[in-house]
Amino acid sequence: MATAAAPLDELSPCARFVERVPIGYARRHGVMGFDHPDEAQGVLLAMADTSCVEVADNVGRVLDRPPWVIPAARDAIERAINAAYEEQTGQTDALLDELDRDRVLTEIASLPTHADLLDATSPGGGGKNDSGEAVIRLVNLLLFEAVKLRASDVHVQPYEDRVVVRMRIDGVLFDMFTLPAGAGSGAVKEGVASRIKIMGEMNIAEKRLPQDGRATVTVGERVIDLRISSVPTSHGERMVIRLLDKSAKLYTLEEIGMDDQTLARFRQLIKVEHGLVLVTGPTGSGKSTTLYAGLQEIDATAHNIITLEDPIEYQLPGISQIQVNEKKGMTFASGLRSVLRQDPDIIMVGEVRDKETAVMSIQSALTGHLVYSTLHTNDAASAITRLLDLGIEPYLASSSVIAVLAQRLVRRVCEDCAEPAPMLADEAKLESLGVEASALDMSRARRGRGCDACRGTGFRGRVGLFELLTVDADIRRHVQARDTAAQLKETAIRRGMTTLREDGLRKIAAGVTTVEEVVRVTMRATV
């Protein structure tokens, strides 16, 4: 039966269709089911080719509902399919009860390593309910849940009688799943580890040495790069998978959380003719995101911009991005030598890890190039003294470095369950940040009660805290005298630098985050 077309975004996906029709079939034939306004009348079938009567009849029989065909563009149907099948949640817990743990290793070794995680019936997605495919389906669904929950890392941690799966969401680790204990649990542990290693093209026979691997999976239209690491432990191999969403949104400088004064100054610094701009902070503090945001503000048609990265996290239009591969001899330092022969205007070096890279970055900055890079230090002042510790002469550091931006990420209060929280102004909490309760207006402070959107945590998403140190004549004198980081920081504060904690306090007062979050991420920055 046929009926008039309607915008697909105004229709509700049919749960029976999603449950009974494999996503591969829906995509192949360009068909998607939607609820009929009158449920007794049947199901609406959006089809790219309405002449395929056989497809409509087949779907109608599977759903046990009369089909009402409506025409729709294939790309609109594809988007509807991805959105509907991504809504399938809670599958992982159900799967854990189905594992029978027999013949795990022999079966998973023969299956493909790249599969669409939305398709539970595709090769590598599992289909028959045997133990090998159950383990494969389990790994796929754990990754699927991680993508839906915006997790940055998945930890698969083995114990004597169980395997615990943990996910890092908004910078905090949560226990998500526990594989059941009992007879044969050792085979399940080995099977899960082996499946992950097969995906990363790692050696499944080598269990005594650490290994690294890479893989790519898809969830609908999203392409996810996986960085896989394994280490041997007393109870089996511990796996950590880092997820990099290649289709994730690139943030602008306005969106990452800089205050107006810091934003204006940083924008000036990233557009000077030459010099070295460092972004510093611990792993996972958003340094690369900040550099990407800065690069987006530069006209790539008027400047030759080249990056050296490990890994390349996002593709930037108009910019040449180079992947570092130390195993093949392509290090940051050697890559930088080659890049300098490419007539660059702006160079981004993913990380200063050693003296050689530091020397090359500084020489590049002194010879007329603008260089961005990152360091792992607690605050902005420590970045300059770290260069001296690496063996850089003070006169070179003081004349090349033009600014250091230190940053941290704190969790945002969930907008869906935020409520006023004047109790955040109590003296004990604020004293841990080094301020008096009366020093700030905390009338706008908020906290999250916890809801489904934030998984009961009260937080959803993250925002940056920033500390921008610009190198002026006074700072240069400190550097040339090899003064301590504390002395550099004291001078910078006198000259108007906002510290990480001060920026955190402002965001607490604005209701963006909480005292506990600021204390958590800035504790080490003050010691």
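Let's start at arginine 482, which sits in the loop between helix H16 (473-480) and helix H17 (485-494). Helices here are DSSP runs of H or I with at least four residues, strands are DSSP runs of E with at least two, and both are numbered from the N terminus. Arginine 482 has a phi near 55 degrees, a positive value in a residue other than glycine. Its relative accessibility is 49%, so arginine 482 counts as partly exposed. The cut-offs are these: buried is under 20% relative accessible area, exposed is over 50%, and partly exposed lies in between, with a 1.4 Å probe and protein chains only.

A word on the source. This is a predicted model, where local features need pLDDT of at least 70, side-chain atom pairs count only at pLDDT 80 or more, and totals for chains, interfaces and linings use all residues. Residues are numbered from 1 along each chain as its sequence is written, and side-chain values use heavy atoms, leaving out hydrogens and water.

Aspartate 64 lies between helix H3 (53-63) and strand E3 (67-71). It is not a glycine, yet aspartate 64 has a positive phi of about 55 degrees. Is aspartate 64 buried or exposed? At 58% relative accessibility, aspartate 64 counts as exposed.

The peptide bond joining aspartate 310 and proline 311 is cis, with omega about 0 degrees.

Let's step back to the whole chain. It has 19 helices and 18 strands. There are 527 residues, and 52% of them count as buried. Next, contacts, meaning heavy atoms within 4.5 Å. Take the contacts with a separation of 6 or more: residues 24 or more positions apart account for 67% of them.

How confident is the predictor? pLDDT is its confidence in each residue, from 0 to 100. The chain's mean pLDDT is 83, and 83% of the residues reach 70 or more. Which elements have the lowest and the highest mean pLDDT? Helix H6 (residues 104-108) has the lowest, at 40, and strand E10 (residues 275-280) has the highest, at 96. Over residues 95-113 the pLDDT is below 50, and this stretch has 59 contacts in the model beyond near neighbours in sequence. Residues 123-129 also stay under 50. For residues 123-129, the model has 25 contacts beyond four places in sequence. Where pLDDT is low, the predicted coordinates should not be read in detail.

Next, a helix pair. The axes of helix H11 (residues 332-340) and helix H12 (residues 355-366) come within 8 Å and cross at roughly 25 degrees. Axes are lines fitted to C-alpha atoms, for helices over the stretch in contact, and angles run from 0 to 180 degrees between N-to-C directions. H11 and H12 are therefore roughly parallel to each other. Angles under 35 degrees count as roughly parallel, over 145 as roughly antiparallel, 65 to 115 as roughly perpendicular, and the rest as oblique. Which residues make the contact? H11 brings Phe332, Ala333, Leu336, Arg337 and Leu340, while H12 brings Glu356, Thr357, Met360, Ser361 and Ser364.

On to covered helices. In helix H19 (residues 515-522), six of the eight residues are buried, so H19 is largely enclosed by the rest of the structure. The buried ones are Val515, Glu517, Val518, Val519, Val521 and Thr522. Helix H13 (residues 380-389) is mostly covered too, with eight of its 10 residues buried. Among them are Ala380, Ile384 and Leu388. Just after H13 comes glycine 391, with a positive phi of about 105 degrees.

Leucine 468 is in strand E18 (residues 459-470). At 12% relative accessibility, leucine 468 counts as buried. Leaving out residues up to four places away in sequence, leucine 468 touches several partners, including Thr262, Phe266, Val404 and Met497. Aspartate 379 is 89 residues from leucine 468 in sequence, but 9.5 Å away in space, C-alpha to C-alpha.

Arginine 195 is in helix H8 (residues 185-199). With a relative accessible area of 1%, arginine 195 is buried. Leucine 138 is 57 residues from arginine 195 in sequence and 9.8 Å from it in space, C-alpha to C-alpha.

Methods:
pLDDT = per-residue confidence, 0-100.
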